[in-house]
Amino acid sequence: MTPQSEDFSAWYNELVIKAELVDRGPVRGTMVIRPYGYRIWELLQSELDRLIKETGHQNAYFPLLIPQSYLEREAEHVEGFGPEFAVVTHAGGKQLEEPLIVRPTSETVIGEFMAKWVSSYRDLPLLLNQWANVVRWELRPRMFLRTTEFLWQEGHTAYADEAGAVAETMRALDEIYARTARELAAMPVIEGEKTPTERFAGAVSTFSIEAMMRDGRALQAGTSHYLGTNFARAFNIQYTGEDGQLSHAHTTSFGMSTRMIGGVIMTHGDDKGLVLPPRLAPYQVVIVPIGRGDHAAEVTEAATTLAARLAGAGIRAHVDDRPQLSPGFKFNDWELRGVPIRLELGPRDLAAGSAVMALRLGGVKEPISLEGAPARLADELAAFQDLLLERATEFRDARTVTTDQWDDFTKAVATGWARALHCGTPECEELIKAETGATARCIPLDGEPASGRCIRCDLPSAYGKRVIFGRAY
Ligand SMILES: [Zn+2]
């Protein structure tokens with residue numbers, strides 16, 4: 001495989017195929033998610049679903065095909081998404097009277113039904129979530145990161161007032177997304193607001209979690225939007241208040257997708273392959289029985305017994321008993337596939353009541369007792385999960401520079417992020433992008449108050465704090 005330092009993109013493109021996460025789909029930009037990749041998605045999805053429900057949302061499902069007229073009702077929305085639409089013009093053997101859009105996101109169709117279901121303040125808040133596939137035509141596709149069709153959840157809520165909707169927007173960002181990224185994916189994300197240039201089409205404000213990949217680029221890993229009354233006006237989502245007055249609802253939306261898998265790969269992976277956080281690893285422990293001839297059956301049986309004991313302790317364990325492959329091949333294979341812990345079990349280990357534990361990172365390789373294996377491995381997995389978050393945090397912090405000097409800024413964004421003051425004008429953001437490739441990633445929520453002159457154009461700074469700039473996926 002191409003080393004990361006030589007060509008990070010090539011490393012990534014080769015790895016997703018070799019690790020059997022995906023295959024290229026027959027239509028440009030589409031991907032087939034293979035079982036190993038899909039299992040990672042399921043592990044993420046089930047935890048995300050739990051958090052979404054825990055914060056009061058209910059799952060529902062809306063149709064894939066949306067009448068074109070719906071998408072045209074919110075002007076900014078259609079303008080922002082228009083070029084990415086896939087349009088169905090023919091069906092049932094004839095041309096359709098109204099073209100149908102394959103959903104790129106579902107604000108419009110859900111808005112239409114919110115209008116139908118909300119009439120009184122008693123109907124609010126309405127907290128919905130949908131698990132779905134969406135289609136956005138991609139000209140520069142990249143597996144997981146930008147694919148024409150991807151899987152995601154989209155939360156859609158309606159509140160009586162701005163305060164409720166804004167609080168919801170922040171709750172999705174912090175309690176659902178930042179938590180999922182940090183606790184499950186071991187990705188140390190920054191929560192922040194997008195500048196107007198980077199805002200979702202049709203939103204009043206957009207918030208995101210931003211993570212740094214191992215090539216120093218940023219990945220927007222989840223977004224949460226306060227839509228104000230823009231969609232409520234376009235779709236007539238109105239309610240009668242306690243005072244009998246008719247008002248528009250305030251709506252929000254939030255989404256996290258299969259892009260997160262790309263984030264996990266690029267946050268933790270190395271030249272040997274994937275490094276999976278235990279909480280998202282399809283197999284947390286792989287046991288490789290080592291024994292020829294008479295010993296083969298004996299060690300394989302002991303490995304199977306051990307795997308069952310580990311499963312009983314809640315550990316996802318797998319015995320690699322493929323007879324035609326050498327242990328050395330298997331070790332490399334599971335390293336490539338990012339399994340956190342490998343156990344080697346040979347006849348001598350078995351006789352000694354132990355197995356050799358090898359961790360995916362740090363070169364740790366030592367014998368552990370079979371008797372105490374479930375408790376020991378549970379501890380090791382928890383420590384491995386923590387280690388990944390720490391390592392990624394250190395990496396990010398070492399590549400983030402706070403600066404007021406343009407020279408330092410351009411150097412910083414070549415390898416990571418810069419925290420700098422910005423004037424807030426779209427033209428100036430455009431100049432910075434043209435000159436350095438960097439975009440405004442977010443205005444961090446926890447940023448210290450700061451003001452002065454713009455890093456690029458010398459106008460007074462906006463936002464009252466520094467903006468994070470970086471090249472991004
Ligand atoms: Zn400026």
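**Figure 1. Overall dimensions of the predicted model.** The radius of gyration is taken over C-alpha atoms, and the globule rule is 2.2 Å times the number of residues to the power 0.38. With 473 residues, a compact globule would have a radius of gyration near 23 Å, and the 25 Å of the protein agrees with this. The C-alpha trace spans about 80 × 60 × 45 Å along its principal axes. The model is predicted, and local features need pLDDT of at least 70, side-chain atom pairs count only at pLDDT 80 or more, and totals for chains, interfaces and linings use all residues. Residues are numbered from 1 along each chain as its sequence is written, and side-chain values use heavy atoms, with hydrogens and water left out.

Figure 2. The protein contains 14 helices and 23 strands; helices (H or I, at least four residues) and strands (E, at least two) are DSSP runs, numbered from the N terminus. Of the 473 residues, 54% count as buried, where buried means under 20% relative accessible area, exposed over 50%, and partly exposed in between (1.4 Å probe, protein chains only). The accessible surface comes to about 20,300 Å², and carbon and sulfur atoms hold 50% of that area. Accessible areas come from the Shrake-Rupley method with a 1.4 Å probe; for residues, only the protein chains shown count as cover. Among contacts with a separation of 6 or more, 69% join residues 24 or more positions apart; contact means heavy atoms within 4.5 Å. There are 50 positive and 64 negative side chains, and the centres of the two sets lie 4 Å apart. Lys and Arg count as positive and Asp and Glu as negative, while His and the chain ends are not counted. Each charge is placed at NZ of Lys, CZ of Arg, CG of Asp or CD of Glu.

**Figure 3. The largest nonpolar core and a separate one.** A nonpolar core is a set of buried Ala, Val, Leu, Ile, Met, Phe, Trp, Tyr and Cys residues joined through side-chain atoms within 4.5 Å. The largest has 55 residues, of which L21, F144, M187, I209 and I265 touch the most other members. Helix α2 (residues 35–54) supplies the largest share of this core, 8 residues. Another core, of 26 residues, lies apart from it and includes F62, M114, A232 and A249. In soluble globular proteins, nonpolar side chains tend to be buried together.

**Figure 4. Helix α8 and I265.** Helix α8 (residues 259–268) is mostly covered, with 10 of its 10 residues buried. I265 is one of the buried residues of α8. Neighbours within four places in sequence left aside, I265 is in contact with W11, Y12, L15, V16, L21, F144 and L274.

Figure 5. A201 sits in the loop between β9 (190–193) and β10 (205–212) and is buried, with a relative accessible area of 16%. Not counting residues up to four places away in sequence, A201 touches E76, H77, G80, F81 and F231. T55 is placed in the loop between α2 and β3 (58–59) and counts as buried at 16% relative accessibility. Beyond neighbours within four places in sequence, T55 is in contact with L127, R171, E175 and I176. The C-alpha atoms of T55 and R309, 254 residues apart along the chain, are separated by 35 Å.

**Figure 6. R342 in strand β17.** R342 belongs to strand β17 (residues 341–345) and counts as buried at 10% relative accessibility. Neighbours within four places in sequence excluded, R342 is in contact with V286, V288, F331, E335, V356, M357, A358 and K365. R342 and Y283 are 59 residues apart in sequence, with a C-alpha to C-alpha distance of 9.9 Å.

Figure 7. Most residues other than glycine have a negative phi, and most peptide bonds are trans. The peptide bond from L124 to P125 is cis, with omega near -5°; P125 lies in the loop between α5 (107–117) and β7 (126–135). N236 has a positive phi, near 60°, and is found in the loop between α7 (230–235) and β12 (238–240). N236 is partly exposed, at a relative accessible area of 47%. D458 also has a positive phi, near 75°, in the loop between β22 (439–444) and β23 (467–470).
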